[in-house]
Amino acid sequence: MLISLNANEIIAHIHDKQLANKINLHIFQEIDSTNSFLKNINNQDYLTICCAEHQTQGRGRLGRTWHSPYGENIYLSLRWLIKDSIDKLSTLSLTTGISIIQTLTKFGISEEIAIKWPNDIYYKNKKLAGILIEITHHHDNYISVIIGVGVNVNSDFRKKSNDWSSLLNITNKEYNRNILIAELISNIQYNLQILLTDGFSSFLSLWNMYDYLYNKEIIVKHMNKQIQGVANGINSYGELQLICNKEEVIYLKSGETTLSK
Ligand code: BTN
């Protein structure tokens, strides 16, 4: 049974009432992309959030399309207008991945869930959620930080694809997206504050617990190059450590990772 997105229900499930009072929440039946909506608005609010039942032009990383069927999954974007240094946000996609994992764990889904550096959530070898971060500079040193999160919740991929999974496919249960969205908002907001005040090191041990690539032979597409090696975790800057030819160690700030076998 479809439970529609509902602003009151989302706000009611945010436990931090101070946060709940600060949020400017928009819900759409249909929109091109929740990230694009937040990119184009011009308000001065600290935190604006947008979710939709359906995206007609949902966007993934690297210009890909994010399939966004009506009423099934979470298409959520959050935008902060903050005065802070952009340098502190280089690991934001990693901490957002951790926020998604913490949300899933709270709902009892923790086994075989992992984060694939830099920012995909996997269940076994199938993608469950993705993150699209867009940061824009404004005058007076303000930056707008947009985090877009797509989580496959109630879609059934069993007959359609081997590459994708959903919470429904993992647990055989349907989920009320409003409650999941409230938890995602709380965790993402909380972790953003920690990142801005304490830096990424506080998240390293959690990352290590859920590192999908650890000790696996992988290929990283970086700029126009393909680099092969064994993934050996990340450092406190969020850089991936890759051991190439059994001895050479390199660190990568960005890239697209796949398993090589
Ligand atoms: C990826 O894994 O490639 C990133 C996917 C991000 C999808 C989300 S859905 C909500 C938000 N709006 C978009 O257009 N994209 C992000």
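Trainee: Where is the place of Pro118?

Mentor: Pro118 has its place in the loop between strand E4 (113-116) and E5, strands (E, at least two residues) and helices (H or I, at least four) being DSSP runs numbered from the N terminus. This is a predicted model, in which local features need pLDDT of at least 70, side-chain atom pairs count only at pLDDT 80 or more, and totals for chains, interfaces and linings use all residues. Residues are numbered from 1 along each chain as its sequence is written, and side-chain values use heavy atoms, with hydrogens and water left out.

Trainee: What makes the peptide bond from Trp117 to Pro118 worth a remark, and what is its omega?

Mentor: The bond from Trp117 to Pro118 is cis, with omega near 5 degrees. Most residues other than glycine have a negative phi, and most peptide bonds are trans. Lys124, in the loop between E5 and E6, has a phi near 50 degrees, a positive value in a residue other than glycine.

Trainee: Why are H4 and H6 called oblique to each other?

Mentor: Helix H4 (residues 92-106) and helix H6 (residues 177-198) pack at an angle of about 140 degrees, with axes 9 Å apart; axes are lines fitted to C-alpha atoms, for helices over the stretch in contact, and angles run from 0 to 180 degrees between N-to-C directions. Angles under 35 degrees count as roughly parallel, over 145 as roughly antiparallel, 65 to 115 as roughly perpendicular and the rest as oblique, and therefore H4 and H6 are oblique to each other.

Trainee: Which residues make the contact of H4 with H6?

Mentor: With contact meaning heavy atoms within 4.5 Å, the residues of H4 include Leu92, Ile100 and Lys106, and those of H6 include Leu180, Leu184 and Leu195. By class, the contact has eight nonpolar, seven polar and two charged residues, where Ala, Val, Leu, Ile, Met, Phe, Trp, Tyr, Cys and Pro count as nonpolar, Asp, Glu, Lys and Arg as charged, and the others, Gly among them, as polar.

Trainee: What makes a space a cavity and not a pocket?

Mentor: On a 1 Å grid over the protein atoms alone, a cavity is a set of points where a 1.4 Å probe fits but cannot get out, whereas a pocket is an open set with protein on both sides within 12 Å along at least five of seven lines, and lining residues have an atom within 4 Å of a point. The structure holds one cavity of 30 Å³ or more, lined by Ile74, Ile100, Thr103, Leu104, Val151, Leu180 and Leu184. H4 gives the largest share of this lining, three residues, and by class the lining has six nonpolar, one polar and no charged residues.

Trainee: What is the volume of the largest pocket, and which residues lie nearest its centre?

Mentor: The largest pocket has a volume of about 640 Å³, a volume being the space filled by probe spheres set on the grid points, which are joined across faces, edges and corners. Of its 38 lining residues, Gly60, Trp66, Lys127, Gly130 and Trp164 lie nearest the centre, and the lining divides into twelve nonpolar, 18 polar and eight charged residues.
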